[in-house]
Amino acid sequence: MGPPAFLQAIENTGFSTWLRESESPFAFYFILLFHTFGLALLVGANVVVDLRLLGVARAIPLAPLKQFFRIMWIGFAMNAITGVLLVIAYPTKSLTNRNFYFKLTVIALAVSVMHKLKTRVFGDASLSEAEMTARGAALAKWSLFLWFGAIAAGRLLAYTYKYLTYPS
Amino acid sequence: MNFAHLHLMLNHFPIIGTIVGLGLFLVSLAGGRAEDLRRASLIVFVAMALIALPTFFSGTGAQGAIKKLPGVSESLIERHQGAAMLALLFMEITGAFSLIELWKSQGAVRSRGWILSFVLLFSLVTVGLMARVGTTGGDIRHPEIGAAQDAGTEDSAIGKIVSRFEPSPDKFAELMTASKWWWAFMMDLHFVGLVLVIGTIGILDLRILGFAKQIPIAPLHKLLPWAIAGFGLNLVTGVLAFTGMGAYYTYDWAFWFKILAILLLGLNVAAFYLTGAFSSVVGLGPGEDAPPFAKFVAASSLFLWFAVITLGRYIQSFSDTIVVHK
C-alpha cells in the first residue's frame, strides 16, 4: 500500500507543478529563501532574548526587548505561509516523512514557550528585572533547545525523505 | 579572465599580506606608537584571512583550467592543494584571534596578553605555511625555476616534515561527502551560525536604525562575540563543504557573489569602526538617535547579510552556471 492518493492529487494541480518545476527564480527557491528569512528573524530574535534572560550582556535592559516579539511573530508568519507553499510543492515528500511531523511538533512546543515568555515574563510591566529573569531563565533554556531542534529537523528533511514525488 | 588568472591575482594577498601584517605586529612590540601599529597589523590579518577565502576557492577553478595542459603534474597540484588547506587553517585562526582582540580593544576592556601572544604564534606559523603554499604552487607551472616533475622525490627537508601535516585533498573530499548525515550536520551548523549572526548583528543594526530606541547601544555591542562565533562556525562549515564538493561551488555564480558579499561585509565592518561611526553611536542612551552615516552603515550591513543568505540559498539552483570554454 503506497502513500495516500490525495497527495498525488495535490501534486498534479497546476500550482503545485509550477512551484516544483518552474525555472523561474520566483518559484520553489524563492519560497525556500523566504522560509530561511523567516527562520533568521524568528530564531535570531528569540536567541538574543533567550541569551539575555540567561545572563549574557546583562547591561541590556530587559523590558524594551518586548518589541522583538513583533519581529518573531513576523518571522513565524513568513514561515507558516512559506511552509504551507513548500508542502503544496512537495506534498508526498513532506507528508510521508516522519521527520516532518517531528519538526512540526518541536515548532509547536517552541511557539508555546515563546508565548509563555511574552505573557509571563514580558507581559507584566510591574515586574523588576530580577523577577523577569527568575521567571524567564528556564523558559529561555527550553526556547534555545527547541528552536535549534526545529532547525535541525528542518535541515534533515532534505536528507530523510522517502519519496521526492508521488511514486508512479 | 579565467579561474587561473583570478587565482594567480589573489594569491599575492594571503602570501605577502601576512608578511606585512607580521612585520607591523613585530614593530609594534618594539614600542613607540604601539597601539595604532598593533591595531593596523590586526586589521591586516583579518583582511588577509578574508581574502584567503576566494584565493583558496579559486584554486579548484585554476586546477580545472590547467590540468590538461602538457607538463602539468596532478601530484604537484595535489601537494599544493594540501599545503593550501593547512595554511588556510592557520590563516583563519590568526584572523579569528585578531578579530577578537580588535573587538576587545574597542571597549574599555584591557586586552589580555594571551590573545595577542596567540596572534603572534599563529601568524608566524601562517607566514611559514604561506611560503610553502607559494613554493608548491610555483612548482606546478614555472619551468623557469627548474621545478620538480614529481612531488615525491623533490621535497626539501622542511617540506617533508610539513607535508606530514598536510591533508590529502582527495581523501579529505571523500571524508566530507562519505556520509549524508555528516553533510546534513554541517549544513545544520551552518544555519545555527546564520541565526547567531542575524540575531546579534541584526539587533544592533536595527537599534542604530532607530528601532527599540529604549535600548542603549553599548550593551548591544557586547553581543558581538556571539556573532563572531556564528560567523566562525559558518566559515568552518563552509570551507569544509567546499573541500568536499569544490567543482559544484566553483562553477556557480551564486557562490561567488556570496563570497563577494562577505568581502563587502568586511569592508562594511572596517567602515563602521575606522570612520568613527562606531564612536558616534556607542555612547547613545535610551531614546537617542544615531547620526545618518551610522544608519547607512547599519542598513548596508543588514542588506548584505540578507544578500549572503539569499545567494547561499540560490547556490543549489545556480549550479553549473559558470561555463568554461575549452
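# Close-up views of a predicted complex

Buried residues (those with 20 or more other C-beta atoms within 10 Å of their own, C-beta atoms being placed from the backbone) make up 36% of the 168 residues in chain A. This is a predicted model, in which local features need pLDDT of at least 70 and side-chain atom pairs count only at pLDDT 80 or more, while totals for chains, interfaces and linings use all residues. Residues are numbered from 1 along each chain as its sequence is written, and chains are lettered from A and ligands numbered from 1 in the order in which they are written.

**View 1. Chain A has 7 helices and 0 strands.** Helices (H or I, at least four residues) and strands (E, at least two) are DSSP runs, numbered from the N terminus. The C-alpha trace of chain A spans about 60 × 35 × 25 Å along its principal axes.

**View 2. Helix H13 of chain B covers residues 253–274.** Its 22 residues should span 32 Å at 1.5 Å a residue, which agrees with the 31 Å between its end C-alpha atoms; the expected span is 1.5 Å times one less than the number of residues. Among the buried residues of H13(B) are B:Phe255, B:Trp256, B:Leu265 and B:Phe272. The buried residues of H13(B) pack against helices H12 (246–250), H14 (277–282) and H15 (292–314) of chain B. After H13(B) comes B:Gly276, with a positive phi near 95 degrees.

**View 3. B:Ala87 and B:Val195 touch the most other members of the largest nonpolar core, which has 109 residues.** Such a core is a set of buried Ala, Val, Leu, Ile, Met, Phe, Trp, Tyr and Cys residues joined through C-beta atoms within 7 Å. Domain 1 (1–167) and domain 2 (168–326) of chain B both give residues to this core, so it lies between them. Not counting residues up to four places away in sequence, B:Ala87 touches B:Thr126, B:Leu129, B:Met130, B:Arg132 and B:Val133; contact here puts C-beta atoms, placed from the backbone, within 7 Å.

**View 4. The C-alpha centres of domain 1 and domain 2 of chain B lie 22 Å apart.** The contact takes 21 residues from domain 1 of chain B and 21 residues from domain 2 of chain B. On the side of domain 1 of chain B that touches domain 2 of chain B, helices H3 (34–66) and H4 (74–106) of chain B each give two or more residues. H4(B) gives the most to that side, with 11 residues. The domain bounds come from an automatic or database domain assignment.

Terms used
A residue is buried if 20 or more other C-beta atoms lie within 10 Å of its own, exposed if 12 or fewer, and partly exposed in between; C-beta atoms are placed from the backbone. Two residues are in contact if their C-beta atoms, placed from the backbone, lie within 7 Å.
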